[in-house]
Amino acid sequence: QRVITVNNYPIADEFSAVVQKLHNDRRSICYVGAISFARGIIPLLDSLSYIDSSVTLDVAGPFAGKEVEEACYSHPNWGRVFYHGQVSRNVVAQIYSSAFAGMATLLPVPNHILSKPIKLFEYMSAGVPVICSDFPLWQSLIATGGCGKVVDPIDPKAIATAVEALRLDPIMGSNMGRRGIDLVRNEYNWGREGCKLVETYDALLS
């Protein structure tokens, strides 16, 4: 009763310009965030072997260490990756504008299972359907919300199946994207959370 949770949700309209691009014109999938083994980079790269060769993977963010970086650069599918490094928010918006799926297939370690990664909600706010790990909390957010697909994050073929489903059905992807935008604008946004934070300070100081 003495705990107030303030979620790190995105600014609702930060990527509003991104949603103008039709899903038929999107040719890539994307991952934006820290790159590590625990965040599922290797199964994600493995999944490219089962995805149509026209699909590329945009990756932006820092490597967690030299071992991860070397494993990625030596992976046989790294040639299908456009690695952007750490980039500005404008470049992130450009990455989202070309993606028909945003990837968040983090592995089931304790720190992930009950987390709410901001990348999920950023993808949604940009109208990008989410493909994420099948943790119960994430399933309640993404699958139940109708804005993406949940998969076993350690199964490359399962990841690929979800990607191919969205590639082959841009109408489904577009509908998922619109539902994600609506959820962020109405619920999962910093405007609501910021008000909650200010109200908490007001209550403490009154």
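Predicted model: local features only at pLDDT ≥ 70, side-chain atom pairs only at ≥ 80, totals over all residues.
The chain comes out with a mean pLDDT of 93, and 97% of its residues reach 70 or more.

The largest nonpolar core has 56 residues, and I29 and Y96 are the members that touch the most others in it. In soluble globular proteins, nonpolar side chains tend to be buried together. Setting aside residues up to four places away in sequence, I29 touches L48, V55, T56, L57 and D58, along with A99, F100, A101, M103 and V163.

C30 sits in strand β1, which covers residues 28-32. Its relative accessibility is 0%, so C30 counts as buried, the cut-off being under 20%. Apart from neighbours within four places in sequence, C30 is in contact with L57 and D58, with I95, Y96 and A99, and with A101, G102, M103 and Y123. Y96, then, is among the contacts of C30, and Y96 is also one of the two residues that touch the most other core members. As for C30 and A60, 30 residues separate them in sequence, while their C-alpha atoms are 8.2 Å apart in space.

K119 belongs to helix α5 (residues 118-125). K119 is buried but has no salt bridge. The nearest side chain of opposite charge is that of E122, 8.2 Å away, whereas a salt bridge needs a side-chain nitrogen within 4 Å of a carboxyl oxygen. What does K119 touch, not counting residues up to four places away in sequence? The list is Y31, V32, G33, R39, M103 and A104.

On to the rings. The structure holds 11 aromatic pairs. One of them joins W78 and Y83 in a tilted arrangement, with 6.1 Å centre to centre and 45° between the planes. Are these two partners buried or exposed? W78 counts as buried because its relative accessibility is 10%, while Y83, with a relative accessible area of 27%, is partly exposed. The pairing extends beyond these two residues: ring pairs link W78 and Y83 with F63 and Y73 into a cluster.

Terms used:
Residues numbered from 1 in each chain as written. Heavy atoms only, no water. Core = buried A, V, L, I, M, F, W, Y, C linked by side-chain atoms within 4.5 Å. Buried < 20%, exposed > 50% of the residue type's maximum accessible area, 1.4 Å probe, protein only. Contact = heavy atoms within 4.5 Å. pLDDT = per-residue confidence, 0-100. Helix = DSSP H or I, 4+ residues; strand = E, 2+ residues; numbered from the N terminus. Lys, Arg positive; Asp, Glu negative; His and termini not counted. Phe/Tyr/Trp six-rings, centres within 6.5 Å; stacked < 30°, edge-to-face > 60°.
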